[in-house]
Protein chains: 2
Amino acid sequence: MSVQDEFSFINSITPKKYKQPHLVAGVGDDAALYSGNNDVEEIVCMDTMIEEVHFNRQTMKPFHIGYKALASNISDIAAMGGVPNFYLVSIAIPKHWPDTGLLEIYKGMEALADRYQMDLIGGDTVSSKHSLVITVTVIGRVLKGRHLLRKNAKANDIVFATGSLGDSMAGLELLLKSGVDFNFSKDEQALITRHQLPEPRVEIGQILAKFPRVALNDVSDGIASELNEIASASDVTIVIEAEKLPKSSQITSFSEDQQLHWMLNGGEDYELVGTVSEEDWIEIKKECEQKNYSITKIGYVTNGPAKVLIKQGDQMNLLQMLGFNHFK
Amino acid sequence: MSVQDEFSFINSITPKKYKQPHLVAGVGDDAALYSGNNDVEEIVCMDTMIEEVHFNRQTMKPFHIGYKALASNISDIAAMGGVPNFYLVSIAIPKHWPDTGLLEIYKGMEALADRYQMDLIGGDTVSSKHSLVITVTVIGRVLKGRHLLRKNAKANDIVFATGSLGDSMAGLELLLKSGVDFNFSKDEQALITRHQLPEPRVEIGQILAKFPRVALNDVSDGIASELNEIASASDVTIVIEAEKLPKSSQITSFSEDQQLHWMLNGGEDYELVGTVSEEDWIEIKKECEQKNYSITKIGYVTNGPAKVLIKQGDQMNLLQMLGFNHFK
């Protein structure tokens, strides 16, 4: 990009107005400014997505790339019990990317940001020799003392998951097989949408943040990994039951083994998993049902060393974190 | 990097203790948390540096890369009149980078962070197919209403610059010619240090923030660019005098033309340039002199369209923003 092109590109992505009342200065100076507030804790997180590592032209259109880069960060804010307010975007652009594609990336972010009244307040635009690299920082807030940490799990808690698990990886499988432009069936498209346009669970996080002690994590790497993080931070044993894992009707077209693998290790569903006391679970379940948010009990917590066990029929096995990186 | 290597790497860069009293949760959960405060404005900025675009093995050792990636962000906080508190680092690592090099990058950041009692509170570690990409987000604070924006310049202000200009690019020239391991003279090494380990001017920013109306920018792209930004944001004409631009003794070994070009367009000096009323200038100059901080009057502001003029002897020319990207 020439200097002139860069100016005009930056100009085209600079917000014309802002939504958050506590913003003091957005894009256009050395840094952004927002007012402090004694009643809250500020939350900040940062995630990077790289072409050929986290996505490629076969699996994601530019709109999806932007949307998902922001969604993964919003999901982290949701997993702290917070609401997102601001985002900053640093993008490294290779020459082979057309300007229209770049604008689509920002449109994808905007579509999701609008839903939460979030403002784009800064970032950086640089050129890259090879791949597109997009790094997003999100800043949010939670009422003082209301944040939800992974270390909150205790024996006798129940373990829950929101929504359905494994869909994102099922969608990816379809995309890798047939490509982003294929004419998918309605059921297939539902899985693909979960991969390309995942929904962070901010609203459910807000319900959970009303309760005094919830351990929470978002499903970016798969629940095997997320639950191990909770077990380790809380020093408890977590037991889940394979039969209770929530799944969509669409994923059942794949083999049982495939389904279970994706539900446990797939990741990128951006659901929430966590633990809460039995009394509070009753309240939480009720409030989620009233609002039509799907949330499912999948297991329980016991005293014991930090580990995760999975019950399948009569068998009880150790559930280890595998991680999952499909383009490696 | 294998999953196991990644865990051990992340573990080795995770801070063992934190310094900022308002931090609630650092590295290790979905996001970091810090307490809000009614008396301040939070400041946030984000910068990316890419191998073969912003640096290469010929010009920067890993320690310098980390140091400079953080320095450029701290400089943005300084240019708002703030102090830095926290940083987040997202790093995309190609396979050809050894672990020792990566740790050196974080050591370079730590060396600078320690000076300002800054805490590393989050980020992301991903693999890259080609170049190393490092993106840093810095969060700082300024007393409510004390921030310094580019739009503050008014006619009859004086224009100032801190330190000396152009040294960073002179240092780069030496590095590109002879490489990072060459046995440079003491004078050459001074210029190289300004390129590899620039000093953000946080302390001078703090002095400036005590005054009611300072327009300020940091010198990342060269003063031609920075002053045009101030002129444009403030809608004033800025006039600077070539003879008054502050230069180091070391840079004078280069030709007059070369020196002037670097002082105007070189960038990466991370000095501060700005404008302030004549009365306040007297106070600022006095306080900087007492503390041994170098600050120099380089011109003045007039009513008129947004532009920057440069006086050289009898001539007055328009000073346009060129930008500067040495690896393109």
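Reader: Is B:K285 buried, partly exposed or exposed?

Author: In this predicted model, B:K285 is partly exposed, at a relative accessible area of 27%.

Reader: With which residue does B:K285 form a salt bridge?

Author: The partner is B:E289, and the closest N and O atoms are 3.1 Å apart. Both residues belong to helix α9 (residues 278-290) of chain B, and they are separated by about one helical turn because they lie 4 residues apart.

Reader: Which residues are joined into one network by salt bridges that share partners?

Author: That network consists of A:D29, A:D30, B:R150 and B:E229. Within it, the side chains of A:D30 and B:R150 meet at 3.0 Å, N to O.

Reader: And B:D30, what does its side chain meet in a salt bridge?

Author: The side chain of B:D30 meets that of A:R150, with an N to O distance of 3.0 Å. This pair crosses between chains: B:D30 sits in the loop between β1 (23-25) and β2 of chain B, while A:R150 sits in the loop between β6 (133-143) and β7 (158-162) of chain A.

Reader: Why is B:D30 classed as buried?

Author: Its relative accessible area is 7%, and the class covers values under 20%. A:R150 is buried as well, with a relative accessible area of 10%.

Reader: Let me turn to a pair within one chain. Which residue forms a salt bridge with B:D167?

Author: B:R194 does, with the closest N and O atoms 2.9 Å apart.

Reader: What about polar contacts between chain B and chain A?

Author: There are 19 residue pairs in polar contact between them, counting pairs with both residues at pLDDT 80 or more.

Reader: Which elements of chain B give two or more residues to the side that touches chain A?

Author: They are α1 (3-13), β2 (32-35), β3 (40-50), β4 (83-94), β5 (119-128), β6 (133-143) and β8 (215-218) of chain B. Of these, β3(B) gives the most, with 10 residues. By residue type, the side of chain B that touches chain A divides into 32 nonpolar, 17 polar and 13 charged.

Reader: Which strand of chain A is joined to β3(B), and is the pairing parallel or antiparallel?

Author: Strand β2 (residues 32-35) of chain A is joined to β3(B) by 4 bridges, and the two run antiparallel. A:S35, for example, has B:E41 as its bridge partner in β3(B).

Reader: Finally, how many residues does each chain give to the contact, and what area is buried?

Author: Chain B gives 62 residues and chain A gives 62 residues. The area buried between the two chains is about 4800 Å², with carbon and sulfur atoms giving 59% of that area. B:D30, B:V44 and B:M46 supply 16% of the area that chain B buries against chain A, more than any other three residues.

Terms used
Residues numbered from 1 in each chain as written. Chains lettered and ligands numbered in written order. Predicted model: local features only at pLDDT ≥ 70, side-chain atom pairs only at ≥ 80, totals over all residues. Heavy atoms only, no water. Contact = heavy atoms within 4.5 Å. Buried area = accessible area lost by both parts, 1.4 Å probe. Salt bridge = Lys/Arg side-chain N within 4 Å of Asp/Glu carboxyl O. Polar contact = N/O pair within 3.5 Å; in protein donor to acceptor, adjacent residues only side chain to side chain. Nonpolar A, V, L, I, M, F, W, Y, C, P; charged D, E, K, R; others polar. Pairing = 2+ DSSP bridges. Buried < 20%, exposed > 50% of the residue type's maximum accessible area, 1.4 Å probe, protein only.
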